[in-house]
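Please open the model in a viewer and keep the selection panel at hand. The stops below proceed from one selection to the next.

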Amino acid sequence: MKTDTLFTKPISKQFEFDADVAAVFDDMLVRSVPFYKESQALTRRFAINALGKGGVVYDLGCSTASLLLEIERSVERNDDIRLIGIDNSPAMIAHARKKIEAYGSGIELYEGDILQFPYEKAQVMISNYTLQFIRPMVRDSLIRTISDTLNEGGVFIFSEKVVSEDPKLNKELIDCYYDFKKVQGYSEYEIVQKREALENVLIPYTMNENIQMAKNNGFKTCELLFRWANFATFIAIK
Ligand SMILES: C[S@@+](CC[C@H](N)C(=O)[O-])C[C@H]1O[C@@H](n2cnc3c(N)ncnc32)[C@H](O)[C@@H]1O
Ligand SMILES: O=C(O)C(=O)C[C@]1(C(=O)O)C=C[C@@H](O)C=C1
């Protein structure tokens, strides 16, 4: 796995999921998202619970398809399950394709916009750390599309960076997160550069705003599956 050293050099452009990011992405995620592997394991478990012996699973913003590969490893090959990943970054999809070929995987990948995708009915929709990159103006309508796509009783699992409603606590959460990044080997310089690159690109909501957004758009339940400081994983049930 290639080490993420992207922000060791001066960067003046906004953060984007280009070829440079895609090349180091698997390392970036495990070192930038606290408990990434654990939230992935929870996502996999609750997705499989909702599936039974068949059904469609979409991963919106699948990046290099790590999560879908994990799910595929845990389901019976003869079950009637379709695993579908969508991402609008050509570089991410290229990396994902290499991985699925290497593993002889049956995952279906599409390079496309999750806001425009012609979804078929599904039992599970997943979107980990992706909604925060969707413009707030259209985020609600995406959640409505997700709930319309799901069968009754289907689940939507999503993970997000979150902010606090309380400014003092919010600063403490961010400090806590930056200490986590330092332990992962990122320098103060890398942390500041990435924060600037993500400004106005990654737009996080509070935990309650995320829950309310799901409840306002067709989900009868939305709860936390996991939270560590300013990172959270949610499950919403239609
Ligand atoms: C932080 S990454 C997601 C990480 C991944 N879900 C995981 O858990 O490893 C966000 C991804 O969403 C994709 N993305 C952002 N906006 C998108 C859109 N409108 N349509 C499709 N993909 C999008 C980006 O290209 C990027 O790969
Ligand atoms: O590094 C950060 O500051 C982050 O917010 C981590 C984060 C994310 O939460 O999506 C930001 C961008 C990359 O996609 C990977 C992880």
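The model is a predicted one. Begin with ligand 1 and display the residues around it. Of the 19 residues in this shell, the nearest are F17, G61, N88, S89 and N128. Two elements give two or more residues each to the shell, namely α3 (66-74) and β2 (80-87). Coloured by class, the shell around ligand 1 divides into ten nonpolar, seven polar and two charged residues.

Next, select N128, one of the residues that come nearest to ligand 1. N128 lies in strand β4. Is N128 buried or exposed? Within 10 Å of its C-beta atom there are 23 others, and 20 or more count as buried, so N128 is buried. Setting aside neighbours within four places in sequence, the contacts of N128 are T43, L67, F158 and S159.

Now highlight the positions that UniProt, in an unreviewed entry, lists under the feature "binding site": Y36, G61, C62, S63, D87, N88, D113, I114, N128 and R195. Do these positions gather at one spot or lie apart? They span 160 residues in sequence, and the farthest two C-alpha atoms are 25.0 Å apart, so the positions do not all gather at one spot.

Among the annotated positions, centre the view on D113. This residue is found in the loop that runs between β3 (108-111) and β4 (122-128). Within 10 Å of its C-beta atom there are 10 others, and 12 or fewer count as exposed, so D113 is exposed.

Move on to ligand 2. The residues around ligand 2 are M28, L29, S32, V33, Y129, K161, K194, L198 and L202. The elements that give two or more residues to this shell are α1 (19-32) and α7 (188-198). Of the elements, α1 gives the most, with three residues. By class, the shell around ligand 2 has six nonpolar, one polar and two charged residues.

The last stop is the protein interior. In soluble globular proteins, nonpolar side chains tend to be buried together. Select the largest nonpolar core, which has 52 residues. Which of its residues touch the most other members? They are V57, Y58, V124, M125, I126 and F156. Strand β5 (residues 150-163) supplies the largest share of this core, six residues. Finally, select F156 and show its contacts: not counting residues up to four places away in sequence, F156 touches M125, I146, L150, A214, F219 and A236.

Definitions and conventions:
Residues numbered from 1 in each chain as written. Chains lettered and ligands numbered in written order. Predicted model: local features only at pLDDT ≥ 70, side-chain atom pairs only at ≥ 80, totals over all residues. Near = placed C-beta within 6 Å. Helix = DSSP H or I, 4+ residues; strand = E, 2+ residues; numbered from the N terminus. Nonpolar A, V, L, I, M, F, W, Y, C, P; charged D, E, K, R; others polar. Core = buried A, V, L, I, M, F, W, Y, C linked by C-beta atoms within 7 Å. Contact = placed C-beta atoms within 7 Å. UniProt positions renumbered as here; feature names shortened; annotations may be inferred.
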